[in-house]
Amino acid sequence: MAEYAAGNRIPLLDHHGSKNIHTTASVLEERNQGTGTGPFGIPGRIDDNGMPYEGKKENRAIMATHLVKHPKSRQHALFKSLIHLPSMAITLGVLTLTFRNIFWGPQSDTTNTVLNSLQFAAQLHTSLIVMSLSAMLLHVIHRGLSSGRGIPLGFLSSGFQLNSVSYMFRKEFTRLNIGYILIFLVMFILALLSGPSSAITMIPRLQFWNVQNSWIEKGHMDFHVYIQAGESSLYPDTLTADNATPECFGLNASILSHCPAFGIRTWMQDDTLFSISDQPPYINTTIQEGWVRSLVGQPGAVNQGVSSLYLASTLSTFLGNALTAYSTLMGSFQYTSLGINAPETIQQKDEFLGRYDLSLRSAGKRISTRKPVVEVQCTGWPTDATNMSLDHSEMVYPPWTSDPIWNTDWSISAADFATLAIDNNSTLVNSSWINIEQFGSLKPSLGAYFATPETVGMGCTFGQATCNYSQYTCTIDARWMPTRAILDGSSGEQIVADANPNPIGPAFNDLNNGPAPSSYPSVLISESWSQLLNVPWIDSITNPVPSNRTILDTIGQKCLDKNTFLNATLLGRHFDDGLSHRIAVNVMDMLGCLQVSLSVYISDALARAQNNIPTYFVMKGEVFPPDRSASNIYLVQDFYAGHVLPFDGGVNLQGQFTNLTEADFNDWTRFTELVMMTTRYGYGYGFQDSKLIYVGTCVLLLHLALCVAYIAWILGNGECQGAGWETIGELIWMTMQSGAGDEKENPERNWEERFIVRQKVVDGSFIARAENKMVLRRAERVSEEGS
């Protein structure tokens, strides 16, 4: 018999295994003769336990080993699979919440306590997953030790090394073949990622969560909003007064909220828009509607010489009005006569902290919501100028920055405005819109002309052409700029927000609100619509008597008054021409004032352009009122009624429309749908707005799949009963009693050699007897021992 020589191995110790171990094959005998060699090449004689001793010849023992075979038992396999069930159950529960997108709730006084508890549960879940992975690795080791092929020595402790990085850099791991390395790496990575994966999936996230269905009562209800305009009429390339009501042309138009000129009263009270000191200001001001609307403005990149630029933009009022009206309607169902007393929509819950993102759908596709952006460039001209131009050299939006407009000149004659020119003794400013139709196919959105008393800039010699101005021309460019309109109620207050407030703005494709058009053409403001902007100015709300001054005159007058002063002396020089001269500290201040005030006023007016377009609220579905049969509802009402009108069997109540059908609203040339994506703020589970949750879910699913496959396999084959080496202590004990290798062997090679478990058989009186003692043997020595 070939045995191992004594060397650097640990001495053999007894190991008592399971009582269910059986032996097979014949006993391989080797007697100790005199000074012969004992088992494992140890000189001398051995006792019953395989240890050398000196004694009489008749007491000398015989020792051999046999391959261990274990009976299979599905009951034992089921028992061993129980260690995997707790982690599997928790994983299934957590992933169910994630896949179902469960909303947990808003913040409360107990939130921190619950989150801390879930953090503890996630750590416990992690430990259970690591235990499960260790059990699988240990099973691989058991199967290898019990087979004839064996298991590498370096892999024996792998089941207890899942938290050890250093193990992967030691010889016992690096000398394994690729199969065992991959097995361990998969288990190690799963164990490493199980902690963050469990935490990510188990602990709810605080964010906005999609509301799939607002109706929470029995039955179902769908809600839709439609505006009676196609995309081309909602955002027209040429703006006409077709949708304006007659009173918006009247004397009181500037005090009527649905008219484009209404906002001028707010802006005229804001002196920061008119008092310019060297540089036009960056502004972010607000105007009170049914909601607070912001208007943002900024100067162009270049302001030099006698020409500069200013841009302003604000959210279209119909977008903000639609958001606030929808929120009101969805929260007012308790006032309807549907016969249901319980809350019918999720918006009626006290803890609902909702947000609505408005988008548009036309012709079956999503289109971008837009708002007006206006850029204005003004130029000053001397009193004796006969020809002037509408300059656009500082414009920032294409196609101003490229041909053919870049090299296009728009000239006007001073003679066309001779009736507006006034002498220098006057303190009044006269103004007019410039007819842009005279410029052919390439033209600006609008132009404006102002005639003022002559203004002299300080530091310039009187009469110098570059310093005395009494005429001003302004080039106006207006466009529909993509944006997103949002109503945010997460703070407890409803705030309408513009996702793209900057008038220059980000890349339009980043707005995620429908496909961005390839270009944004200028909006041409027709003469009829420009008349809506130049109605009489009313100086007092309490005494609304129209003056003989137009809004445009009033803007020019305030710019003159705020940025110039009357003085007969300029830097010690006395003017002896008998005229009253207007003095400007900076010649650019008047230009800057006209640019700021015009861009603000016109962008605000354009924001009101869709105010008079009819908008409808459609509610359809089936409800189940108490003690009544189911009711099918199709209700079309005025969207701005303020509450949901009672449903009365189709009776045409005030504010309801029975002549509009689904077929009408599906005609995309006539109607555009306002889609209100509803979300709510709080803690919840799901894949929304998180990429890491996909990683965590994949890790947990992979472990779950491994557990299912492992349990199915061991139950199908019948797991072997306990072998007596199921803990690290038992493995160490068995290794200690298994002898040592040859001194001449390379220790580094031992890690890759395969070992199996053999049962030790001792015969002390020439009668073989099997003892429940097991040792490790090299797999290649098995055939020699059995021969």
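**Exercise 1. Which strands each supply at least two residues of the lining of the second largest pocket?**

*Solution.* Keep in mind that you're working with a predicted model.

Step 1: Two of them, β7 (219–227) and β31 (672–684), each give at least two residues to the lining of the second largest pocket.

Step 2: Now see where the largest share comes from. That's β31, with six residues of the lining.

Step 3: Sort the lining by class. You get nine nonpolar, six polar and three charged residues.

**Exercise 2. Work out how helix α3 and helix α5 are arranged, and what their contact is made of.**

*Solution.* A quick reminder before you start: two packed helices are described by the angle between their axes and by the distance between those axes.

Step 1: Find both numbers. Helix α3 (residues 111–146) packs against helix α5 (residues 178–202) at an angle of about 165°, and their axes are 8 Å apart.

Step 2: Angles over 145 degrees count as roughly antiparallel, so α3 is roughly antiparallel to α5.

Step 3: α3 and α5 make a right-handed crossing.

Step 4: List who touches whom. From α3, the contact residues include L118, A121, H125, I129 and L133. On the α5 side, I183, F184, M187, L190 and S194 are among them.

Step 5: Check the classes. The contact of α3 with α5 has 15 nonpolar and five polar residues, with no charged ones.

**Exercise 3. Describe how helix α2 packs against α13 and against α3.**

*Solution.* Take one partner at a time.

Step 1: Start with α13. Helix α2 (residues 85–99) and helix α13 (residues 692–717) pack at about 140°, with 10 Å between their axes. The two helices are therefore oblique to each other.

Step 2: α2 passes α13 in a left-handed crossing.

Step 3: Pick out the contact residues. M88, L92, L95 and F99 of α2 are among them, as are I693, L700, L704 and I711 of α13. By class, this contact of α2 with α13 holds 12 nonpolar, five polar and no charged residues.

Step 4: Move on to α3. The axes of α2 and α3 come within 8 Å and cross at roughly 130°. That angle makes α2 oblique to α3.

Step 5: Finish this pair. The crossing of α2 and α3 is left-handed. P86, S87, I90 and T91 of α2 meet H125, L128, I129 and S132 of α3. The contact of α2 with α3 has four nonpolar, four polar and no charged residues.

Conventions: Residues are numbered from 1 along each chain as its sequence is written. This is a predicted model: local features need pLDDT of at least 70, side-chain atom pairs count only at pLDDT 80 or more; totals for chains, interfaces and linings use all residues. Side-chain values use heavy atoms; hydrogens and water are left out. Helices (H or I, at least four residues) and strands (E, at least two) are DSSP runs, numbered from the N terminus. Ala, Val, Leu, Ile, Met, Phe, Trp, Tyr, Cys and Pro count as nonpolar, Asp, Glu, Lys and Arg as charged, and the others, Gly among them, as polar. Axes are lines fitted to C-alpha atoms, for helices over the stretch in contact, and angles run from 0 to 180 degrees between N-to-C directions. Angles under 35 degrees count as roughly parallel, over 145 as roughly antiparallel, 65 to 115 as roughly perpendicular and the rest as oblique. A crossing is left-handed if the near helix is turned anticlockwise from the far one by less than a right angle, and right-handed if clockwise. Contact means heavy atoms within 4.5 Å.
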